[in-house]
Amino acid sequence: MGEELKVIVFALGTEEYGIEVDKVRTIERMSPITRVPKTASFIKGVINLRGVVVPVIDLRGRFQLTETTPTENSRIIVVAVAEMEVGFIVDSANDVIDIDTDTIDLPPEIVGGIKAKYLRGIAKLGEGRLLIMLNLSEVLNKNEIIQLEQLEV
Amino acid sequence: MDMNAYLSMFIDESNDHLQSLNENLLQLENEPEDLSIVQSIFRSAHTLKGMSATMGFEDLAALTHEMENVLDLVRNGKLIMDSFIFDTLFKGLDALEAMVQDIVGGGTGKADVTAIVASLQQILKSDYSPAKAGQADTAEPASATGAATDSGSVLLDEFQASILLQSIEAGVQAYHIKVTIRDSCLLKAVRAYMVFEVLEKNGEVIKSDPSVQDIEQDKFDFTFSVFIISGTAQEELQNQILNISEIEDAAVTALDEESLSMLSAAPAAAAAEAIEASAAAVEPPADKPTIVPAKEAAPARAQTSPAPAANVSRTIRVDIDRLDTLMNLFSELLIDRVRLEQLSSEIKRTDLTETVEHMARVSSDLQSIVLKLRMVPVDSVFNRFPRMIRDLAKSLDKKIDLVITGADTELDRTVIDEIGDPLVHLLRNSVDHGLETVEERIAAGKPEVGTIYLRAYHSGNHVFIEVEEDGRGINQEKVLKTAIKNGVVTEEQAKQLTSDEINHLIFAPGFSTADKISDISGRGVGLDVVKSKITSLGGNVTLESAFGKGSKFSVQLPLTLSIISAMLIKLGSEKYAIPLSSIVETGIIRKEQIKNIHGNRMIEFRSSIIPLVSLSKVLESPDFNDEEEDETEIVVVRKGEKWAAVTVDEFIGQSEIVLKSLGKYLTNIEAISGATILGDGYVALIIDPNALIK
């Protein structure tokens, strides 16, 4: 038996992802976003999170999936990593589960089109259900954003 | 006892004492005759020694002790200060500072100070024999020789007697105090220390028996006696001492000229009787000379000694985090206030409007207080400069006078924290490149002592700090040559530069005019770093210079970095804020007024042609394009001397906004300096006008 890990489960399209609970500050409904000019297209802008200005990125855009218009179920998951606070727009967030760290496998080379380095691993939840565990510091890696920006120019 | 609880207090106070040591030593260097300065230096050193010994920082205490010994000789007129002694004392101070810094960083405050201690002892020894030979007939004071004296021989040397005599003549009372500590007392040194603290608050201790050192080290029985000059009345002094617990008795005797002459002349053995006799002689008419009215005594004391009690300011130390929290909470309140104002103007109910207006007034008072709380006088940065200039002048063999004015000018703490390094660099630059050597100055017909003026003053919403020197000024030919050589400008460009622009070339990255690279300043990384640092603080630095006459660097800084006045504007559906400090004017122009010059859109404004910048283009606005409008609103902004007109969709109005950062994820966004939260809860971005003007 490995250690118990509490994970927030959210969905992008048909796939389910997980972020450790202790990295998540709060989960919010969609709120008005102020556009910030001259940033990567997946950076949607900033929101007012109870007096703190927090940048928001569309996780679909970040993973180069097609972006969709937000729905009733869309949520902003605000995570705190390495003194950065960033909100992720996801299609829905509706579960907190406990998983055993032993059930997390190393990611295969390519999973659902997302580069493997964003992934911490794949957790098998049984009944064929798979949970993609995100490597947050890689998702928020700014060097890569700069490279992306240069590609776009 | 848990020392950690006292550590931060110790660090704060040590820094204060080190600073005052520094200042006083510098003052003493200018006025070596003024023994009252030596007294206050001695006091600071002494307190520092006591504190560090209590806290268990032995090296710190040991070094201070050696310095104190030297100072004691000076204080008693047995040693004349010379430059070697000054240098050694300054070196000692540096070592002390380094140790305190080590303690701040969590270290043990240990350091190898043997070299400094050795030279201090050398000073002591070289003085020791001549002092003894020359003043053989005067009794050696116990504190100077370090030898324990037997308690009966309280005797004043000439110097101490003359101080007492002078103060009596000046109308300040001199007392002899005999303190007895209860024999049940376990920590009599501590009680004695408390007595000294009371005494030093009330006046100046001239002599104590046994010596202060011995008392501190517990080398005394339960009594000790002290000579003190003080403006406090006899009974009051006695009461204050008796108020300290475990003090058995305090016999305060007023001294007059007669008893003093007896004391200083009397042979050692008769000293005890002399005191008794003088006490007897003085006591009957005690009412007259001893009870000096407080009003008279106070000014007199101010003349004779820089009384430590005079500057008891009513302050408390507050953790800076708490102030930051207060500031944040207040910012939230400000946002709600704006929201309430909007609501009340929509609802239009008189009593609601009145209440909201009142709240607005109260909150703007509150705002100014909260902002003031964070204000710190620039002195906290300036105070280390005299010492720095002195050292630089010595090492470069120049003669420099630093004149500081406006040190009480206040600035936000966040600005203060950042401004130190740029100022150090500007000053070093002035000393190294600006001022000439003594020979050069004499050859140029200038006074051999160069002067650096460091000024701070308020002007509008800004604070100006100027560094001016009467040195050689900027050699524009040389600047141009170097700039071309280092590729800062091309020869073509150089021909078109105004003299002001040439001067400002020295701020360009990769520029250095110094022929030699010195360790003082000038690796060509200096002035451009200064400039970018100051710009990042929302300030500006300019330079005026006349060749052969000197240069003046002028640093402009915002008063505060947290709440600013701004103009809110609209671009289609988006709202932005432009800091009011950089707005010159707002207006409306018609399409016909826009001229195309070299493919750039320009307009005429106050009889000059300025560029027109399309904000919607710069910010890639999704739903507004100013080119479609016949009439368009403009905001004229400035960056230094340069102006530009910025087209906007609509003005919303002026508002106090709270600066918020965009966080660490979004950094260096072009033309955006931050964000603010509007009354309706939406985030508006703050435009950086400096980025709009190229």
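Two residues are in contact here if their C-beta atoms, placed from the backbone, lie within 7 Å. Keep in mind that this is a predicted model.

Reader: Leaving aside its neighbours within four places in sequence, which residues is Val646(B) in contact with?
Author: Val646(B) is among the residues with the most contacts inside the largest nonpolar core. Skipping neighbours within four places in sequence, its partners are Val613(B), Leu615(B), Ile634(B), Val635(B), Val637(B) and Leu692(B).

Reader: Which strand gives the largest share of that core?
Author: The core in question is the largest nonpolar one, with 75 residues, and Val46(A), Ile77(A), Phe88(A) and Ile578(B) are also among those with the most contacts inside it. Its largest share is 6 residues, and they come from chain B, residues 563–571, which is strand 12.

Reader: How many residues are in the other core, apart from this one?
Author: Look for Val378(B), Leu392(B), Ile465(B) and Leu537(B), which are among its members. The count for that separate core is 35 residues.

Reader: Are helix 2 and helix 3 of chain B roughly parallel or antiparallel?
Author: Helix 2 (residues 35–55) and helix 3 (residues 58–75) of chain B pack with their axes 9 Å apart, at an angle of about 160 degrees. Angles over 145 count as roughly antiparallel. So helix 2 of chain B is, relative to helix 3 of chain B, roughly antiparallel.

Reader: Which elements of chain A give two or more residues to the side that touches chain B?
Author: On that side, 19 residues of chain A are in contact with 20 residues of chain B. By class, the chain A side has 11 nonpolar, 4 polar and 4 charged residues. The elements giving two or more are strand 4 (43–49), strand 5 (52–58) and strand 7 (84–90) of chain A.

Key:
Residues are numbered from 1 along each chain as its sequence is written. Chains are lettered from A and ligands numbered from 1 in the order in which they are written. This is a predicted model: local features need pLDDT of at least 70, side-chain atom pairs count only at pLDDT 80 or more; totals for chains, interfaces and linings use all residues. A nonpolar core is a set of buried Ala, Val, Leu, Ile, Met, Phe, Trp, Tyr and Cys residues joined through C-beta atoms within 7 Å. A residue is buried if 20 or more other C-beta atoms lie within 10 Å of its own, exposed if 12 or fewer, and partly exposed in between; C-beta atoms are placed from the backbone. Helices (H or I, at least four residues) and strands (E, at least two) are DSSP runs, numbered from the N terminus. Axes are lines fitted to C-alpha atoms, for helices over the stretch in contact, and angles run from 0 to 180 degrees between N-to-C directions. Angles under 35 degrees count as roughly parallel, over 145 as roughly antiparallel, 65 to 115 as roughly perpendicular and the rest as oblique. Ala, Val, Leu, Ile, Met, Phe, Trp, Tyr, Cys and Pro count as nonpolar, Asp, Glu, Lys and Arg as charged, and the others, Gly among them, as polar.
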